[in-house]
Amino acid sequence: MAFVQFSKVSLSFGDKKILDDVSVNLKTGTKAALTGANGAGKSTLIKIMAGLQEPDGGERVAQKDARIVYLPQSGLTHSGSTLIEEADRAFEYGYKIQEEIDSIGEALKSNPSNSADLLEKHAALLAKLEDSGWYRRDAFAESVLLGLGFSRADFTKMTDEFSGGWQMRIALAKALMQGPDILLLDEPTNYLDIEARDWLESFLQNFKGGFLLVSHDRYFLDVTINEVYELFNGQLKRYPGNYSNYEKVRESELKTLLAEYQKQQEEIAHLQSFIDRFGYKASKAVQAQSRQKMLDKIVPIEIPDSLKKIHFKFPPAPHSGQLVFRANGVTKSYDGKTKVLDNLDLQIENGERLVVVGHNGAGKSTLLRIIAGVDKDFSGELIPGSGVQIGYFSQDNAETIKGTESVLESIENICPLELVPKARDMLGAFLFRGDDVFKSLDVLSGGEKSRVALLRLLLKPINFLILDEPTNHLDMGSKDALLEALKDFGGTVVFVSHDRGFIQDLATRVLELKPGSARNFLGGYEYYLERVASEAGGTVPAPAAQKSDASQKSAAAISWEEQKKAANERKRLERLVESLGAQIEEKEAAKKALEEKMSDPAVYSNGAKATEVQKQIAAASAELDALTAQWEEAAEKLG
């Protein structure tokens with residue numbers, strides 16, 4: 001079993017301790033996540049594990065010949081070779097073994113008398129080469145590249161032709177193809193669409209080595225890892241289970257601490273308020289100085305940023321009509337030959353949260369730009385509804401964030417008056433904490449500018465949000481805050497995202513795009529996945545519309561009216577299940593109260609009273625059985 005062990009690793013930047021006697025053991029079979037607030041030192045720790053950065057102190061012990069492969073968040077590029085040639089470089093380990101085998105073969109030819117040791121080594125190397133998958137490398141490379149979204153036509157393209165995101169996919173593919181003993185992956189899903197993420201999930205689930213990864217995708221972590229390491233204040237602590245389990249356990253651990261934290265924050269605010277009000281009044285100077293001393297003595301309680309629950313609401317959405325948007329026969333081609341969108345019809349109603357899904361190149365971002373009015377080079381008709389006010393966000397919005405004003409000033413200047421006091425909290429939800437809010441817009445990174453652009457959009461009085469990858473550059477806490485705000489948003493949302501958990505929690509309807517065609521699914525993302533999986537398994541017959549030329553239009557697997565009827569029935573069942581669940585809880589509480597009443601001497605010692613309470617318990621039990629049966633029937637229909 002391969003392993004690499006780190007004992008009492010320490011590292012400081014100036015006076016700040018990043019790592020303080022950190023110990024961790026990674027081995028074959030490890031499936032772990034590394035979590036912690038931004039700036040906690042996660043990437044630094046991974047670099048130390050990869051041997052790319054030296055710690056101030058501590059010990060690193062690795063099994064002989066253990067192979068560790070590290071993938072950074074960004075910055076890797078490739079040039080001077082085709083994609084398939086670059087992929088073949090991932091098998092350098094096997095090439096070296098083959099060279100050694102060839103060398104032994106030559107030695108055996110020149111000195112056959114000293115063959116016993118050489119033959120034994122030769123056999124061991126052949127077995128090692130076989131175990132490494134060397135003889136299946138071409139098929140393995142093809143499988144990985146296709147899984148990560150490359151096409152066979154890409155195999156002969158020069159790597160120089162690929163954009164930054166695809167360059168990182170190449171780097172990820174090479175890391176996986178090396179078949180290391182330990183994989184260290186820093187945000188591996190950053191540049192992946194949903195299909196590629198799904199493939200990577202499956203790969204990691206079946207990976208024979210061990211891995212440690214950093215990711216802000218809760219769903220991805222939940223289905224790939226079985227332990228979490230949290231880095232907080234320089235300390236590393238292990239939590240068994242998936243990421244959602246870690247969050248529950250950690251929140252439970254911090255319950256008391258959170259209460260103390262809130263109490264301390266209130267005390268700090270109270271002292272600071274007194275100082276601000278009376279610090280310059282001679283009559284109150286002594287009291288103000290006394291409170292300043294009290295404030296200076298407070299040792300701040302620190303809570304991991306990832307576990308701070310931040311909530312905010314958008315300004316009220318202006319009223320709009322029931323029909324928000326309609327597209328008739330929209331067709332779009334970039335080269336005049338291939339149609340990205342072909343005769344697309346789409347209707348969006350008030351309150352819908354529509355997610356647009358499809359492989360890269362299917363036209364998702366193109367459609368959003370057309371709906372938003374940014375791309376006008378298309379044929380067809382767009383009909384906005386009455387009173388509709390559109391707000392559009394994409395990663396390109398970052399380019400509009402410039403100037404010398406601070407982040408805080410830029411938000412306060414456009415913030416509705418009633419939300420100005422909450423500007424700092426909202427910025428905190430978008431990862432601008434502490435002195436970050438005073439940064440000038442001009443010095444922000446691309447990711448920071450993107451977050452400012454998104455928040456500025458969300459603070460405007462709009463009722464139709466069009467969002468292209470809004471969760472990029474956000475951590476889990478920020479995604480949760482955005483998700484809750486969007487669920488409470490009084491308007492309509494159309495969005496594209498590669499975060500499966502975000503889609504599942506937000507979408508009420510799915511539009512699937514494929515080159516030249518589109519399909520509507522009037523249900524959430526899980527419903528969409530069930531339908532697609534069912535069709536792929538042959539259990540749902542393909543509709544006639546798909547077998548005719550009419551399939552070039554927006555076509556649903558069943559008719560629009562049937563889908564709408566099915567969606568309404570599903571909503572009715574969801575409400576029924578929720579209502580029955582609440583009634584069951586209420587009846588169970590009532591029954592429990594009656595059972596507790598039976599333990600009262602005043603009841604059980606009085607025959608008449610005891611009989612009456614027993615009747616009430618029996619009646620409650622019968623009602624519970626009936627409610628439970630109804631709940632089970634409704635839940636079964638709901639699936």
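One word before we start: contact means heavy atoms within 4.5 Å of each other. You're looking at a predicted model, where local features need pLDDT of at least 70 and side-chain atom pairs count only at pLDDT 80 or more, while totals for chains, interfaces and linings use all residues. Residues are numbered from 1 along each chain as its sequence is written, and side-chain values use heavy atoms, with hydrogens and water left out.

Select Leu482 first. Setting aside neighbours within four places in sequence, Leu482 is in contact with Phe312, Phe314, Phe430, Leu454, Leu458, Pro470, Thr471, Leu474 and Phe502.

Now show helix 16, residues 476–488 (helices are DSSP runs of H or I, at least four residues, numbered from the N terminus). Its 13 residues should span 18 Å at 1.5 Å a residue, and the end C-alpha atoms agree, being 18 Å apart; the expected span is 1.5 Å times one less than the number of residues. Which residues of helix 16 are buried? Among them are Met476, Lys479, Leu482 and Leu486, where buried means under 20% relative accessible area, exposed over 50% and partly exposed in between (1.4 Å probe, protein chains only).

Next, colour the largest nonpolar core, which has 49 residues. Such a core is a set of buried Ala, Val, Leu, Ile, Met, Phe, Trp, Tyr and Cys residues joined through side-chain atoms within 4.5 Å. Leu482 and Phe314 are among those with the most contacts inside it. Helix 15 (residues 446–458) gives the largest share of this core, 6 residues. A second, separate core of 48 residues includes Trp134 and Ala173.

Technical notes
Helix = DSSP H or I, 4+ residues; strand = E, 2+ residues; numbered from the N terminus.
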